[in-house]
Amino acid sequence: MERVSKHNYYLDIAQTVSERATCMRRRFGAIIVKNDVIISTGYNGAPRGRKNCTDLGICERERMNIPRGERYEMCRSVHAEANAIIAAPRENMLGSTLYMCCTSPKDGSIMSHVCSCMMCKKLIINAGIERVIIREDKDNYTVYEVADWVTDDDSLGGKFGY
């Protein structure tokens, strides 16, 4: 029997966390891990106490034809990365890894070629997270070094979306 890799073990957990998400466009699950200990988890959904898009049956951004990666102030959801960061003490996040998976709300399939938005990148940088690992498919993932997000500041490029 072949043992699952450590990264895919954590990505499997992030994928399961994504099943709690309430976004009608994409379901994200994130977990923050340090020294092989899960510090926190998060998924995208409306702030506590507010109705989720799935409860309302409508996505405002979809209704307004807003492209992905743009105009997040129109979104009801708090992103998975932000929810995971909110739930963790900063000292536990210093030098940690954030694992994330995005799945389709239609069929639960893994959605590839996603990354954190500019807002979440800023939160990840300030939280002291060292790397972000995002699932591409069942066995493959992309590793992002957060230090690269500091030096390659995409907020200066004038390009929106991702």
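Tutor: Beyond its neighbours within four places in sequence, methionine 93 is in contact with Ile32, Ile85, Ala88, Ala127, Gly128 and Ile129. The model is a predicted one, and that applies to everything below. Methionine 93 belongs to the largest nonpolar core, which has 20 residues. Together with Ile32, Ile85, Leu98, Ile124, Ile129 and Val132, Met93 is among the residues that touch the most other members of that core. At least two residues of this core come from each of the following: strand 1 (27-34), helix 4 (80-86), strand 3 (97-103), helix 6 (118-127), strand 4 (131-135) and helix 7 (146-151). In soluble globular proteins, nonpolar side chains tend to be buried together.

Seven of its eight residues are buried, so strand 1 is largely enclosed by the rest of the structure. Strand 1 pairs with strand 3 in the antiparallel sense, over seven bridges. Within that pairing, alanine 30 has methionine 100 of strand 3 as its bridge partner. Strand 1 also pairs with strand 2 (residues 37-43), again in the antiparallel sense, over six bridges. Here lysine 34 is bridged to valine 37 of strand 2.

The turn between these two strands deserves a look. The hairpin of strand 1 and strand 2 has two residues between the strands, and asparagine 35 there takes a positive phi near 50 degrees. Aspartate 36 is also in the loop between strand 1 and strand 2. Although not a glycine, aspartate 36 has a positive phi of about 60 degrees. Most residues other than glycine have a negative phi. Aspartate 36 has a relative accessible area of 49% and therefore counts as partly exposed. Another positive phi, near 55 degrees, is found at arginine 71, which is likewise a residue other than glycine. Arginine 71 lies elsewhere in the chain, in the loop between helix 3 (60-63) and helix 4. With a relative accessible area of 42%, arginine 71 is partly exposed.

Five strands form an open sheet in the order 2-1-3-4-5, with mixed pairing. Strand 2 and strand 5 (141-145) stand at the edges with a single partner strand each, so one side of each has no neighbour in the sheet. From one strand to the next, the twist averages 20 degrees. Strand 5 pairs with strand 4 in the antiparallel sense over five bridges. In this pair, isoleucine 133 has valine 143 of strand 5 as its bridge partner.

Next comes the loop between helix 1 and strand 1, where arginine 25 is found. Arginine 25 has a relative accessible area of 17% and so counts as buried, the limit being under 20%. What does its side chain meet in the way of polar atoms? The side chain of arginine 25 makes a polar contact with the side chain of glutamate 62, at 2.8 Å. A polar atom of the arginine 25 side chain also lies 2.7 Å from the backbone oxygen of isoleucine 66. Leaving out residues up to four places away in sequence, arginine 25 touches Cys59, Arg61, Glu62, Ile66, Pro67, Arg68, Pro105 and Met111.

Last, the cysteines. The disulfide count is zero, since the rule asks for a pair of cysteine sulfur atoms within 2.5 Å. For cysteine 23, which is in no disulfide, the nearest cysteine sulfur is that of cysteine 59, 5.8 Å away. Cysteine 23 is buried, at 11% relative accessibility. Cysteine 101 is in no disulfide either, and its nearest cysteine sulfur, that of cysteine 102, is 7.0 Å away. Cysteine 101 has a relative accessible area of 0% and is therefore buried.

Conventions: Residues are numbered from 1 along each chain as its sequence is written. This is a predicted model: local features need pLDDT of at least 70, side-chain atom pairs count only at pLDDT 80 or more; totals for chains, interfaces and linings use all residues. Side-chain values use heavy atoms; hydrogens and water are left out. A nonpolar core is a set of buried Ala, Val, Leu, Ile, Met, Phe, Trp, Tyr and Cys residues joined through side-chain atoms within 4.5 Å. Buried means under 20% relative accessible area, exposed over 50%, partly exposed in between (1.4 Å probe, protein chains only). Helices (H or I, at least four residues) and strands (E, at least two) are DSSP runs, numbered from the N terminus. Contact means heavy atoms within 4.5 Å. Two strands pair if DSSP finds at least two bridges between them. Axes are lines fitted to C-alpha atoms, for helices over the stretch in contact, and angles run from 0 to 180 degrees between N-to-C directions. A polar contact is a pair of N or O atoms within 3.5 Å; within protein, one must be able to donate a hydrogen and the other to accept it, and residues adjacent in sequence count only if both atoms are side-chain atoms.
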